[in-house]
Amino acid sequence: MSDVRVRGAAAAARIRVVRPGELDAGEIGRWRELRALSGAPANPFMEPEFSLAVGRVRPGARVAVIGGDRGGPVGFFPYERGPLGQGRAIGFGVSDSQGPVLSPEHPLTAEELLRACSLSSWEFDNLEAGGGLFVPDAAEAFDSPVIDIGQGYEAYEAVLRAGSPKFFRTTTAKERRLARQAGEVRFVFDERDPAALRTLMAWKSAQYRRTGRRDRFAKEWISTLVRQLAADRPDRAPGCSGVLSVLYAADRPVAAHFGLRSRTVLSCWFPAYDTGFAKYSPGLILHLRMAEAAAGAGIGLLDLGRGAAEYKDALKTGELRVYEGASVRRGPRAALYRLSREPSRRAHSFVRDRPKLAGYAQRALSQVGRLRDR
């Protein structure tokens, strides 16, 4: 733990840097209170439970606790620190919502906060739109599609029937055909069978390899994080607990999804399906059943996550804004950071913004995946 008093305009700010597990109950409660006061959707990645979980599997995880004039915390900044002072959002690579949790009266600038945390830079790829301290440093902005089920599933279904009637009819017809040809279709919103989670992770790893992408579950910290979050229950971790949803046909899993939920938001995270049932579009059926069950559980928003996909376009009712970029302190390390990171980021952006070129790149990745599996 370190204790820093910030110089300059923010001289009143006393900052403690701790491991997530060193936060006390009062600080965790204050974190939740600040999130509620922010008015932002209660995304589980922004709740203290997610940082606590990451802290158990990532030794570089830290939280800056920002004190106020009257002694109570006015903010929290979760991050991970590399060996040379480069910082990243906590859980970077799997976190779908990032940023500091701050009271409106916090006295800090981004430069001051990074200095207090001994960070030369802080990188993010899903910065929450409300993370105003770092938004000016964003290089790009992206839409994160969402499904609004705040008025209930019937209202959402009515939106689908009106806006995407062919999609809705086709998907429900495939569900009926799946039942006729493969056996009774059954959906479990909160499946607790560990075997189902292992099946999902195996499907997802195969999908990563098939499409030439990095297998996230090959990283031990990610697979351990997922298993630990899957063991949490909403009554024990109301801000962030795992939900495994499974679609069965004749008691055989054909599609599954593992996500994180708060009381009002379900963040969609790892969806996958058995490719032997691809003709039935089991992933789409699963998402419709998830929306129905989530609405029944009091959840008002499904966040489908950043990234373009046809199924997201078909399911969404709107978007949230997220940002990618880095905040870099002034000095020689800033130039080093830009030399090491900017060329790669610009290349990815160039390809992503050109659909035809992105298609070529995806086919090349798929070819790599096929060669890798031979």
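**Figure 1. Aromatic cluster built from Phe45, Phe50, Phe217, Phe258, Trp269 and Phe270.** In this predicted model, ring pairs join Phe45, Phe50, Phe217, Phe258, Trp269 and Phe270 into a cluster. The structure contains 13 aromatic pairs. One of them, Phe45 with Trp269, is edge-to-face, with 5.3 Å centre to centre and 80 degrees between the planes. This pair links distant parts of the chain, 224 residues apart: Phe45 belongs to the loop between helix H1 (25-38) and helix H2 (48-57), and Trp269 to strand S12 (residues 265-273). Phe45 counts as buried because its relative accessibility is 3%, under the 20% limit. Trp269, at 7% relative accessibility, likewise counts as buried.

**Figure 2. Arginine side chains over the faces of Trp221 and Phe142****.** Arg58 is placed over the face of Trp221, 4.4 Å from the ring centre. Arg306 lies over the face of Phe142, and here the distance to the ring centre is 3.7 Å.

Figure 3. A polar contact of 2.7 Å connects the side chain of Glu49 with the side chain of Arg32. Apart from neighbours within four places in sequence, the residues in contact with Glu49 are Arg32, Ala237, Pro238, Gly239 and Cys240.

**Figure 4. Salt bridge between Glu27 and Arg16****.** Across the whole structure, 19 salt bridges are found. In the one shown, the side chains of Glu27 and Arg16 meet at 2.5 Å, N to O. The pair links distant parts of the chain, with Glu27 in helix H1 and Arg16 in strand S2 (residues 14-18), eleven residues apart. Both Glu27 and Arg16 are buried.

Figure 5. Arg30 and Glu33 form a salt bridge whose closest N and O atoms are 3.1 Å apart. Arg30 counts as buried at 18% relative accessibility, whereas Glu33 is partly exposed, with a relative accessible area of 40%. In a further salt bridge, the side chains of Glu111 and Arg115 meet at 3.9 Å, N to O. Glu111 counts as buried at 17% relative accessibility, and Arg115 is partly exposed, with a relative accessible area of 30%.

**Figure 6. Salt-bridge network of Arg35, Glu47 and Glu128****.** Through salt bridges that share partners, Arg35, Glu47 and Glu128 are joined into one network.

Methods
Residues numbered from 1 in each chain as written. Predicted model: local features only at pLDDT ≥ 70, side-chain atom pairs only at ≥ 80, totals over all residues. Heavy atoms only, no water. Phe/Tyr/Trp six-rings, centres within 6.5 Å; stacked < 30°, edge-to-face > 60°. Helix = DSSP H or I, 4+ residues; strand = E, 2+ residues; numbered from the N terminus. Buried < 20%, exposed > 50% of the residue type's maximum accessible area, 1.4 Å probe, protein only. Lys NZ or Arg CZ within 6 Å of the ring centre and 35° of its normal. Polar contact = N/O pair within 3.5 Å; in protein donor to acceptor, adjacent residues only side chain to side chain. Contact = heavy atoms within 4.5 Å. Salt bridge = Lys/Arg side-chain N within 4 Å of Asp/Glu carboxyl O.
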